[in-house]
Amino acid sequence: MASKTQTLALTLSLLILISSCKSSQAAGIAVYWGQNGNEGTLADACNSGNYQFVNIAFLTTFGNNQTPVLNLAGHCDPASGTCTGLSADIRTCQSKNIKVLLSIGGATGSYSLTSADDARQVADYIWNNFLGGQSASRPLGDAVLDGVDFDIEAGGAQFYDELAKSLNGHNGQAKTVYLAAAPQCPIPDAHLDGAIQTGLFDYVWVQFYNNPQCQYADGNADALLSSWNQWASVPATQVFMGLPAAPEAAPSGGFIPADALKSQVLPTIKNSPKYGGVMLWNRFYDNGYSASIKDSI
């Protein structure tokens, strides 16, 4: 019969194990959805069983006294109110424990922040129109998104730290606001370094593509893994390897065949304490890629 000391030790061990399981999130795949009307519905993406995160892309216009604009390509027209039906899809995703984030920025948007006050106003707009706030003109309907992804690829670098702080300030007002960032792999990122250095980001999915100096090429993963090692220590909860889901998704390169990813890359990056998984650009190009790698993530 076990002694009281042994029983107590076992109980403490189990408590520690349970605690560690709750605090760590299993690795998964994030995907961008919204920039091609032929990629299927948001519900289709979530029902595939391949993703743990979906970034709705993009809020392409914001800041600098501009009226914010959500661009979802051929899916629907926010200006005429035809995107509010996405609330049902968003709830479908969330019912499967998939986090759905609003991605702001993109490669072709018209956006900039001109001051800390401008950043706070944009944060309030996002909170009231997409997160837990109230607005008469919520573009995606009444569903409450899980957070915001910063895909800042144009304009200046200033005040995105303030935007992150302002969004984070809404935490606890309904549900957690998760923050994600999608920097380019050359480090430090030209637009997002200041924001990432706040330490407020839950997920940093680095774009290891369209950047020849830090991407996979011709069967060689050396530059990719060297860059990953730098990113793996940024002040974020989890770091993801962002990749194109097909060669045509990244005209300037970076695609990694699934077999090569599983044999040359994942065994190394999975050893990083902050490893969170893989991000894919994008749902339209993902014709079997996520399915072929998900069991190795």
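## Disulfide between Cys46 and Cys93

The link of Cys46 and Cys93 is right-handed, with 95 degrees about the S-S bond. Cys46 lies in helix 2 (residues 42-47) and Cys93 in helix 3 (residues 86-95), so this pair ties together parts that are 47 residues apart in sequence. The model is predicted, and in it the S to S distance of the disulfide joining Cys46 to Cys93 is 2.0 Å.

Cys46 has 3% relative accessibility and counts as buried, because buried means under 20% relative accessible area. Cys93, at 0% relative accessibility, counts as buried as well.

## The other disulfides

The count of disulfides comes to three. With bonded cysteines counted along the chain, the disulfides follow the pattern 1-4, 2-3, 5-6.

Cys76 and Cys83 form one of them, with their sulfur atoms 2.0 Å apart. The torsion about the S-S bond of Cys76 and Cys83 is about 105 degrees, so this disulfide is right-handed. Cys76 and Cys83 are both buried.

Another disulfide joins Cys185 to Cys214, with an S to S distance of 2.0 Å. Here the torsion about the S-S bond is about 80 degrees, so the disulfide of Cys185 and Cys214 is right-handed. Cys185 lies in the loop between strand 7 and helix 6 (193-196), and Cys214 in the loop between strand 8 and helix 7, so the pair ties together parts that are 29 residues apart in sequence. Cys185 is buried, with a relative accessible area of 1%. Cys214 is also buried, with a relative accessible area of 3%.

Strand 8 covers residues 203-207 and is mostly covered, with five of its five residues buried. On one side are Tyr203, Trp205 and Gln207, and on the other Val204 and Val206; both faces of the strand are covered.

Strand 8 pairs in the parallel sense with strand 7 (residues 178-181), over two bridges. In this pairing, Ala180 has Tyr203 of strand 8 as its bridge partner. Strand 8 is also joined to strand 9 (residues 238-244) by five bridges, and these two strands run parallel. Tyr203 stands opposite Gln238 in strand 9, and Gln207 has Gly242 of strand 9 as its bridge partner.

Strand 8, helix 7 (residues 222-231) and strand 9 make a right-handed β-α-β unit.

How many residues of strand 9 are buried? Seven of the seven are, so strand 9 is largely enclosed by the rest of the structure. Gln238, Phe240, Gly242 and Pro244 point one way from the strand, while Val239, Met241 and Leu243 point the other way, and all are buried.

Strand 9 pairs in the parallel sense with strand 10 (residues 275-281), over six bridges. Leu243 has Leu280 as its bridge partner in strand 10. A right-handed β-α-β unit is made by strand 9, helix 8 (residues 258-269) and strand 10.

Leu131 is found in the loop between helix 4 (116-130) and strand 6 (147-152).

Leaving aside neighbours within four places in sequence, Leu131 is in contact with Ile126, Arg138, Val144, Leu145, Gly147, Val148, Leu167 and Val177. The C-alpha atoms of Leu131 and Thr176 are 9.7 Å apart in space, and these two residues are 45 residues apart in sequence.

Methods:
Residues numbered from 1 in each chain as written. Predicted model: local features only at pLDDT ≥ 70, side-chain atom pairs only at ≥ 80, totals over all residues. Heavy atoms only, no water. Buried < 20%, exposed > 50% of the residue type's maximum accessible area, 1.4 Å probe, protein only. Helix = DSSP H or I, 4+ residues; strand = E, 2+ residues; numbered from the N terminus. Pairing = 2+ DSSP bridges. Right-handed = clockwise from strand over helix to strand, strands pointing away. Disulfide = S-S within 2.5 Å. Contact = heavy atoms within 4.5 Å.
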